[in-house]
Structures are given as structure tokens and as C-alpha cells.
Amino acid sequence: MKKRFKSISFSQCKTRLKRLFNKATWQDLKERYHRWRLNPFKYEEAKAEAHHCNCCSLDFEGEFCPRCGQRGNAGRIGWNSVREGVMDIWGLGNRSLLYSLWQLVFRPGYFVGDYISGKRQVSFPPVKMLFIMTILYAIIVEWFFPDVMGIVLDESAKKIVHENSDNIVDAFVVFLKEHRAWGMLFVSSFLIVPVWVFFRYAPRQTKHTLPEGFFISVFVCLLISLYNLMVPLTNFVIGKLADVILFPSLVIIIFMLYKQLFGYSLWGTLWRLGGVVFCAFLIAVTAFMVFMVTYAKMGKVKELDTGEYNVVIKASLFFFVFILLNFAVAHLINIYSRRKSRRREAALKQTKDKAVAEYLAQTEQSTPNEE
């Protein structure tokens, strides 16, 4: 017997479209998304059950041992333990890698802020996650889509690089392609000090430390790794249109990471990120020139003559002074904007206090008249 589909009239279709594009509906969805973005985690109350720790022989109440941290219901190893052990290798256990990546894409700045503020359990360990993403990249991309990202290294070129130790640039490029996780960490390390200087007096994460800056750069590397992993997969489906969609999305997500993390406005985040990228480039160039001079002095490559040596030294000193000048200008601008925001907050507080005082005075005056 054929199944009959219920026809929809034009008026019913119009009503459903109005309900879908209703302003109140979208406003409600926007508010729910904003609440989820600020705090997406819901915790249940811990059960006060008595346990005996098999590891340190402590009697306690709760789910975890307060002395060694082992779970209270840990018993003999079964198939469930085997499943959890295998899943933990690829980040699919309690702190899921996929859930952490989901958080990093849709609430990047708040997620990173939660992690560096002390909420370590909300995220899969970021450095471990980066290396797992690199392994997945090697398995999926280099085995199945080796020509998409241009990662195929000619064996003859490798041989030439290893035989000719003078070609430092080619050897460094080969190292970055063969060790992507370490390469991304090395390149992103040039961002740590500029981010620390340009975002030091931010409304959120004020005076963040350099180790916290390291983890911020790790999360940025994770976004780049996810982009590198998605490009060949989407190229296989929609072709070159993937680059048009994914690369602007990556830039927007990284920009929103810094905007949500530090709390600056759109323009304030934009010019600071521009300064960070510019100073990071100058630091990388200066470090490369210093490395070239040191490498030549060690006799690893052909030693520079006097003219070349003087040019490299002068250029390194010029870039170093120029970097310090940029840092000084950024520091002065940040201090000025911080004092300006404090004056604005003080004026706003004074206006509120004045309005409250006037309201109380009017209330006191109207009370005797009513009596």
C-alpha cells in the first residue's frame, strides 16, 4: 500500500517560514548561544559514597581518592577498562579530543581562557592533542592525499640536502615538513613575547604570563592543524572551493580567539594582532641571521667574509632596536588606553551613584507629603 504524503498549503508554508525567521526566535537562539559560550559546562553533585583506595589504602568518601587521585570504584580490569584505555590513546576518553576541538572552534577565546584560568579538566591536554592531530594528519593526509597539500618530498632532494650541509634553508624546510608538531611549536614560539607585550593590560587575562602565552600559541597551532587536516578532505569533496571557505574561516576563528580571550574591541584586537604578527616576523628574521652567523663561526658552513659579517650584524642590531621600539610604543598605548578606560569607569560609577542619591532624595521628600 502506497504511503500518501500530506500536502502543505501555501498559507501553512508561509506560517512556518514566519515562525522560522521570527526575530524573537533568533533572539532567543542568540541568547542561548551566548550563555552556552560563556559557561557550557554542567556538573553534577558528587556522591558521598564510602570507598577504600586500592592504591594507597585510604578510606575516603567521594569519587576520587584525595591522596593519590585514583577513582574510588577502580576494581579488577575488565573489557570496559580495555575500551577506556584504547580510547584514551586517541583522546576519546573522559576529556574528549573531539569535544575540545568543538569548543575551540565555536568558543575559542572563552575555551582558552577557561584553560589558562585554572579549569584544566575542561580540555584535553593541549600539547598531547597537538601531537595526536599531527599523527592523524600523517595517517590520513600523507597516506591517502599526499599530493593535495604539497607534502611529498622528493627523495633525491632529501639526499642533496643531507649531503650538502651548506644548504641550511632547505634542511630547515625538510625538518619542518618531517616534524610538523615541533615545527609549528617552534614557529609559534615567536608569537609568545609579542602577544605578552601587546595584550599585557587587556580587560581580560590582565598581565598574563609567558607560560600562559605558550599554551595560547599551542591552541593556535591546534587550529592550524585542524585546518591542514580539513583542507585535503574537503578538497576531495568540493574541490578548490575548500580553500575559499576554510582559510577565511581559520583567520576569523584565530581573530575571535584573541578578541574573546583578552576582551578588546574589534579595532583594538585588530591593530594589536597586526603588531604581533609584524614583530614576530622581525624576531624570526633576527633569530635566523644570528643563527647563520653562529653556524658559520662553528665551521658548519662556509665562513662569511668581513663585509657579509658586518652587514648581518648591523641588520640584526637594527631589527632588534626596531622590535624594542615597537614594544615601547605598544606599551605606552596600552597604558594610555588602560588609564582612559579607568577614567571612563570612574565617571560611569560617579553618574550611577549620583542617580541613586537623587532617587533616594526624591523618595525621602515624597514620604512626608504622603503622611
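**Exercise 1. Gln 205**

Decide whether Gln 205 is buried, partly exposed or exposed in this predicted model.

Solution. Step 1: take the relative accessible area of Gln 205, which is 22%. Step 2: compare with the cut-offs, where buried means under 20% and exposed means over 50%. Step 3: Gln 205 is therefore partly exposed. Step 4: locate the residue; Gln 205 sits in the loop between helix H10 (192-198) and helix H11 (210-238). Step 5: check the backbone; the phi of Gln 205 is positive, about 55°, although the residue is not a glycine.

**Exercise 2. Lys 207**

Describe the place, the backbone and the exposure of Lys 207.

Solution. Step 1: Lys 207 is found in the loop between H10 and H11. Step 2: its phi is near 55°, a positive value in a residue other than glycine.

**Exercise 3. Helix H12**

Compare the span of H12 with the expected span, and name some of its buried residues.

Solution. Step 1: H12 covers residues 241-262, which is 22 residues. Step 2: from first C-alpha to last, H12 reaches 33 Å, close to the 32 Å expected at 1.5 Å a residue. Step 3: the buried residues of H12 include Ala 242, Leu 246, Ile 253, Tyr 258 and Phe 262. Step 4: just after H12, Gly 263 has a positive phi of about 80°.

**Exercise 4. The cavity**

State how many cavities of 30 Å³ or more the structure holds, and describe the lining of the largest cavity.

Solution. Step 1: a search of the whole structure gives one such cavity. Step 2: the largest cavity contains about 40 Å³ of space. Step 3: its lining is made up of Leu 191, Ile 192, Val 195, Gly 213, Ile 216, Ser 217 and Tyr 258. Step 4: H10 and H11 each supply at least two lining residues, and H11 gives the most, with three. Step 5: by class, five lining residues are nonpolar, two are polar and none is charged.

Note on methods: Residues numbered from 1 in each chain as written. Predicted model: local features only at pLDDT ≥ 70, side-chain atom pairs only at ≥ 80, totals over all residues. Heavy atoms only, no water. Helix = DSSP H or I, 4+ residues; strand = E, 2+ residues; numbered from the N terminus. Buried < 20%, exposed > 50% of the residue type's maximum accessible area, 1.4 Å probe, protein only. Expected span 1.5 Å × (residues − 1). 1 Å grid on protein atoms, 1.4 Å probe; cavity = no way out; pocket = protein on both sides within 12 Å on 5 of 7 lines; lining within 4 Å. Points joined across faces, edges and corners; volume = space filled by probe spheres on them. Nonpolar A, V, L, I, M, F, W, Y, C, P; charged D, E, K, R; others polar.
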